[in-house]
Every structure is written in structure tokens, then in C-alpha cells.
Amino acid sequence: MAVNLVNVEAVSKVYGTRALLDGVSLGVSEGDRIGVVGRNGDGKTTLIRMLAKLEEADSGRVTHNGGLVLGVLTQHDSLDPAATVRHEVIGDLADHEWAGNAKIRDVLTGLFGGLDMPGFPQGLDTVIGPLSGGERRRIALAKLLIGEPDLIVLDEPTNHLDVEGIAWLAEHLRTRRSALVCVTHDRWFLDQVCTRMWDVQSGSVFEYEGGYSDYVFARAERERIAATEETKRKNLMRKELAWLRRGAPARTSKPRYRIEAANELIADVPPPRDTSELMKFATTRLGKTVFDLEDVTVQAGPKVLLKHLTWQLGPGDRIGLVGVNGAGKTSLLRAMAQAQRTDGDVQPEAGRVVVGKTVKLAYLSQEVAELSPTLRVLQAVQQVRERVDLGKGREMTAGQLCETFGFNKEKQWTPVGDLSGGERRRLQLLRLLMDEPNVLFLDEPTNDLDIETLTQLEDVLDGWPGSMVVISHDRFFLERTTDKIFALLGDATMRMLPRGIDEYLERRKRMADAGAPAAPLAKSSGSPGSSGSSAPAAPQKTVSSADARAAKKELQKIERQLDKMSTKETWLHAQIADNATDFEKVAKLDAELRELVSERDELEMRWLELAESA
């Protein structure tokens with residue numbers, strides 16, 4: 001029987017005149033992995049801070065099991081700015097001790113890309129003080145994960161992590177024995193990691209079994225049975241359920257809800273968007289040319305980020321852009337936006353950006369635009385426009401769109417200066433959409449947005465006719481709102497990924513294992529939304545049937561060898577973990593492992609060559 005680690009009994013918390021939590025009773029047991037969701041400002045962070053005894057309740061009590069070891073990641077770290085990364089993360093362990101510890105190696109590689117911590121000026125000996133907030137947060141997370149807490153409490157752990165980092169963290173937390181309570185708006189992460197959900201709403205906390213998919217079904221079913229007047233919210237949850245049940249890309253976990261009930265609930269829910277209809281409407285609004293990039297080079301100072309890029313963004317294209325930090329995603333959007341603002345007078349360092357005459361661009365950058373702090377929310381929106389046409393005959397007033405984005409009638413009269421960071425981000429996005437653009441550039445639009453607001457934003461974008469490029473580390477949002485994924489892998493090229501984020505993670509893993517850039521994808525034709533080749537395509541080789549048969553035979557042989565290598569690699573990792581205290585043996589096993597990886601990489605390259613012949 002699982003041991004109860006934390007009990008929350010009839011806890012209440014009031015701020016000003018508002019009750020964030022009202023008589024809440026909950027428990028956390030060994031093995032629990034709990035995701036906490038709810039609107040910004042509804043009390044998610046307050047709940048987990050009281051759970052961790054970092055904040056006192058006004059009434060009720062929180063009790064911890066005797067001897068409970070607690071690990072907490074808050075939104076503000078307590079790292080010593082004068083200390084080095086080594087001192088905070090590894091402590092006084094000698095090099096041979098921490099290098100022989102499989103967990104420490106895994107955490108450093110997963111969060112920082114390697115034991116030498118590439119990207120940090122002095123590696124482990126980098127002083128923490130001058131580092132950015134995102135870098136400090138990763139250091140605090142690494143310090144927590146290297147320990148052995150019975151319960152891990154995380155507040156927005158995926159912030160400042162890229163797609164790879166989020167995937168690694170999900171896998172790491174799944175395999176740990178520690179119980180987990182986690183606040184995050186990353187729905188893919190919740191689905192991968194959590195087995196229970198807490199939904200914080202209006203002072204209460206509703207509990208659901210399963211991950212995010214199960215929570216969506218259970219909540220939509222609860223609202224249907226209750227027949228509440230919140231028709232809009234209910235329909236949004238049913239739409240989200242339809243998206244999940246109809247096979248969203250990269251949905252790897254198997255939902256536990258009843259298939260028949262789910263199918264019945266979404267029987268009359270249309271697909272999220274009618275792609276052909278939106279494409280037709282987008283063409284009438286935009287014409288044939290949107291953005292054409294011809295042999296473009298993008299630089300940041302002396303560093304070349306992209307070179308010889310030929311690419312088209314066509315009418316109605318919905319593009320997701322992923323890539324390693326510093327690869328040039330934001331710089332590419334800025335170069336395109338600058339060409340549009342100056343009618344083509346300002347061009348990149350080399351090449352040419354052609355912008356359609358009818359393009360009306362809205363660019364949501366990572367920086368929140370400053371507005372007069374005395375301006376009311378509704379006034380800030382009405383400054384742009386009183387009404388907005390969302391396409392397909394849908395029209396909304398400024399007040400209605402404010403409500404869609406979580407600003408109720410009371411909140412609409414709040415001064416901008418009193419808004420939180422997430423609320424200001426929402427307002428910035430709302431003002432952009434009110435201007436009725438036909439092209440959207442969204443750079444990390446999900447930052448600081450809660451799940452309910454994300455769902456509402458997706459609903460607005462579903463029926464929005466126009467071209468769109470989204471940069472995001474939130475793979476659920478990318479899969480939900482875009483149709484094609486392109487990647488910048490840090491080798492100055494851009495590639496289309498037919499299999500989306502999964503293919504991106506596979507490529508990045510191959511690059512990390514090989515210690516070199518991944519082999520380029522075959523470039524598609526110059527149709528709208530496809531990645532153009534930076535050089536003329538090589539002529540296709542004609543292969544005789546005898547050569548093709550020989551290639552297939554060798555392919556099968558290589559595949560058997562790769563299977564054996566995979567088994568041996570797993571064994572070597574296990575041996576390194578078992579002999580962690582024997583530094584000499586670990587070094588010998590590590591050398592054997594590197595040699596094996598090198599041989600495997602050569603075989604994989606040979607496999608790729610043969611695959612073309614076969």
C-alpha cells in the first residue's frame with residue numbers, strides 16, 4: 001500500500017477580497033505524478049507553495065510524512081550568484097565520483113547538452129551571477145534532479161527548455177521513483193508524465209485520474225452532464241477532445257477513458273479547421289505571393305545563421321518552426337518582417353525577400369509591447385479596432401474578443417499596469433488579431449499563457465484565414481495549429497520534417513551521437529511552403545535490378561548488426577551504472593562505448609547510402 005506523503009486538510013487562502021482556495025482537501029502518495037492546471041491567477045502556484053510549506057494557509061493545515069525529503073523548483077531560484085555551477089550542482093564531489101555517477105551524467109547531458117556544458121563560457125566553473133534567468137533555472141532544476149527527494153514539486157519546469165530538453169525531462173521524470181506535483185501549461189508534457197490531474201477553479205480543486213487527454217474527456221463529460229450555462233467553454237473542451245481522439249500527431253500515450261463514451265461525445269464536433277476552405281479564402285485575401293526568399297543569407301553580427309536559403313511562404317500556409325537555440329529562428333522572422341515593413345527596401349545580408357503587395361503582417365515578438373499603464377484593457381483593444389472579422393462570416397466586438405482571451409467584463413476595466421506578465425502577453429496578442437492581419441508571425445506565443453487560454457487561442461486560430469509561422473517549444477500547440485514543421489538544426493540550412501517533432505528529435509539525437517550535423521533531408525520542390533535547395537539537385541542515379549537486390553541484402557545484414565549494437569550499448573550503460581565507484585573501469589567502459597557509437601554511426605551512414613540504391 002502506497003504511503004501518504006502529504007495531506008492538505010480544509011485549506012483556505014484569501015488575497016484581498018478574493019478567495020484563491022476555499023476549504024481544499026487533497027493528498028499526495030508515493031508514486032503519484034500529479035499535474036496541476038487552471039487559469040492564471042486561480043491559485044495553482046499558491047496551492048503547491050502551501051503543499052511544500054513555503055507559504056502559510058489562512059485556515060486548515062498541511063502535514064508532511066515524518067522524514068519527508070522534498071525537492072522544490074519555484075519560479076525564482078535561490079542560487080548563490082557568487083558560486084560556480086559546479087559548486088551548486090555537484091557540490092564537493094571529486095571529478096571521478098560525479099563522472100562515475102550515471103544519474104549526474106544523464107542530468108547534465110539532458111539539460112545542458114553534454115558533461116562539458118556547451119554554451120556556458122567556463123563550463124562547470126562558470127560563475128552563476130552573470131547568467132540569464134533561463135540558464136539559472138536550468139541549473140536549479142539540475143541541482144534538484146541530482147538529489148534523491150521523496151517528493152518533487154515543480155512550478156513551470158518546461159519554461160526556458162527547448163523541445164529536446166522537454167522530451168528528456170518527461171522521460172527522466174517517468175522513470176524516477178519520486179512522487180511528483182507539477183504546474184505546467186505544456187499539455188504534451190502532462191500527457192507523457194502525469195497519472196492524475198488537479199484542476200484549480202474558483203477556489204476549488206477538482207481531481208481527475210489519468211493525464212491531460214483523460215482530464216479533457218472527464219471535464220467535458222462533467223460539463224455535459226451538469227448542463228451548465230457555460231456553453232462556450234463546454235464546446236471548447238469538446239473540440240479539444242475531438243482533436244485528441246482523432247489522432248493528433250505524436251500522441252504516444254494511450255488514453256484510459258472509455259472509447260465509446262468519447263466517440264459519442266464528439267460525434268457532432270467538426271474537425272478543428274476546414275483546410276481547403278481556409279486555403280481558398282486565404283488566396284482571395286493574399287493573392288499568389290506572400291513571402292518568397294531567394295538565395296537568402298541571415299546573419300547575427302558576424303555569425304552566419306542561414307545561407308543560400310530559397311523558400312516560399314504561400315497563401316494559407318501554417319508553418320511550425322523549431323530548432324536549437326541560436327540557430328536563427330527569430331532572426332529569420334525579423335528579416336522577413338523588415339522586408340515587409342520597408343516594401344523590400346531593406347534586405348538580408350545576401351539574397352532577396354519578395355513580399356506580396358497585399359500582405360498585412362502582425363508580428364508577436366518575445367518582448368511584450370509597452371502600453372500606458374493607466375490605459376484600461378478594453379480601451380487598449382478598442383484603440384486598434386471596435387470590431388474584427390475572423391473570416392467565414394464570424395465577427396466579434398472588442399469586448400467579445402476580450403472575453404475569449406480570458407478578460408471578463410470586470411477585468412476589461414483593469415489598468416494595464418496592474419496586469420500580470422501572462423495577461424500583458426494575452427493583451428498583446430489580442431491587439432494584433434484586432435488589426436485583422438492576413439499573415440501572422442508568432443514567436444513563442446504560449447509563454448505565460450494558461451491551458452484554458454491556449455485552448456481559446458487555438459480555437460480563434462482554427463478559423464483564421466491567412467498564412468502563419470509559429471516558433472514554439474510547445475509541441476502540442478505546434479501540432480494543433482500548424483500543418484507543416486520546418487527545422488533549423490544549427491548548420492545554416494532549413495529543412496522540412498514530414499514526420500514533425502518526432503523526426504526533429506531523432507535527427508538531433510543522431511547529431512549528438514555523431515558529434516556532427518545530421519545528414520540533410522532531401523529538399524522538396526519549390527512549391528509554396530516547401531524548403532528550397534541551396535544548390536542544384538544532383539542527377540538521379542539509375543540502379544540496375546541486380547544492384548538493388550544486392551543493396552537490399554546488405555541492408556538486412558546491417559539492420560541485424562545495428563540490433564546487436566543496440567543490445568550491447570544498453571549493456572554497457574548498465575555496466576557503467578553498476579561500477580560507478582570504480583573510476584578506472586568506468587573510463588574503460590566509456591571508451592568501449594564511444595568506439596561502439598562510432599561504428600554504429602558508420603553503419604547508419606552506409607545504411608542511408610544503400611537505402612537510396614534499394
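Setting aside neighbours within four places in sequence, Asp199 is in contact (heavy atoms within 4.5 Å) with Val37, Gly38, Ser204, Val205, Phe206, Tyr208, Tyr215 and Arg219. A word on the model: it is predicted, local features need pLDDT of at least 70, side-chain atom pairs count only at pLDDT 80 or more, and totals for chains, interfaces and linings use all residues. Residues are numbered from 1 along each chain as its sequence is written, and side-chain values use heavy atoms, with hydrogens and water left out.

Back to Asp199. Is Asp199 buried or exposed? Asp199 is buried, at a relative accessible area of 1%. Buried means under 20% relative accessible area, exposed means over 50%, and partly exposed is in between, with a 1.4 Å probe and protein chains only. Its side chain makes a polar contact of 3.3 Å with the side chain of Tyr215. Another polar contact, of 3.4 Å, joins the side chains of Asp199 and Arg219. The term polar contact stands for a pair of N or O atoms within 3.5 Å; within protein, one must be able to donate a hydrogen and the other to accept it, and residues adjacent in sequence count only if both atoms are side-chain atoms.

Asp199 is found in strand 8, residues 196-201. Helices (H or I, at least four residues) and strands (E, at least two) are DSSP runs, numbered from the N terminus. Now the sheet. 6 strands form an open sheet, in the order 5-6-7-3-8-9, with mixed pairing. Strand 5 (70-73) and strand 9 (204-209) stand at the edges, each with a single partner strand, so one side of each has no neighbour in the sheet. Neighbouring strands here are turned by 15° against each other on average, direction ignored. Angles come from axes, which are lines fitted to C-alpha atoms, for helices over the stretch in contact, and they run from 0 to 180 degrees between N-to-C directions.

Strands of a sheet pair through backbone hydrogen bonds, either parallel or antiparallel. Two strands pair if DSSP finds at least two bridges between them. Strand 8 and strand 9 are antiparallel, over 6 bridges. Which residue is the bridge partner of Gln201 in strand 9? That is Ser204.

Next, the rings. A search of the whole structure finds 7 aromatic pairs. Rings of Phe, Tyr and Trp (its six-membered ring) pair if their centres lie within 6.5 Å; planes under 30 degrees apart count as stacked, over 60 as edge-to-face and the rest as tilted. Take Tyr212 and Phe476: the ring centres are 5.9 Å apart and the planes stand at 85°, so this pair is edge-to-face. The pair links distant parts of the chain, with Tyr212 in helix 8 (residues 212-226) and Phe476 in helix 17 (residues 475-481), 264 residues apart. Tyr212 and Phe476 are both buried. Tyr363 and Phe441 are also edge-to-face, at 6.0 Å centre to centre and 80° between the planes. This pair, too, links distant parts of the chain: Tyr363 is in strand 14 (residues 361-364), Phe441 is in strand 17 (residues 439-443), and they are 78 residues apart. Both Tyr363 and Phe441 are buried. Ring pairs also link Tyr208, Tyr212, Tyr215 and Phe476 into a cluster.

6 strands form an open sheet in the order 14-17-18-12-19-20, and the pairing is mixed. Its edge strands are strand 14 and strand 20 (494-497), each pairing on one side only. From one strand to the next, the twist averages 20°. Strand 14 and strand 17 run parallel, joined by 4 bridges. Leu364 stands opposite Leu442 in strand 17.

What lies across this sheet's strand 14? Helix 12 does, running at about 150° to strand 14. Helix 12 (residues 329-341) has 13 residues and reaches 19 Å from its first C-alpha to its last, close to the expected 18 Å. The expected span is 1.5 Å times one less than the number of residues. After helix 12 comes Asp343, with a positive phi near 55°.

Ile128 is buried, with a relative accessible area of 0%. Its contacts beyond four places in sequence include Leu79, Glu88 and Arg136.
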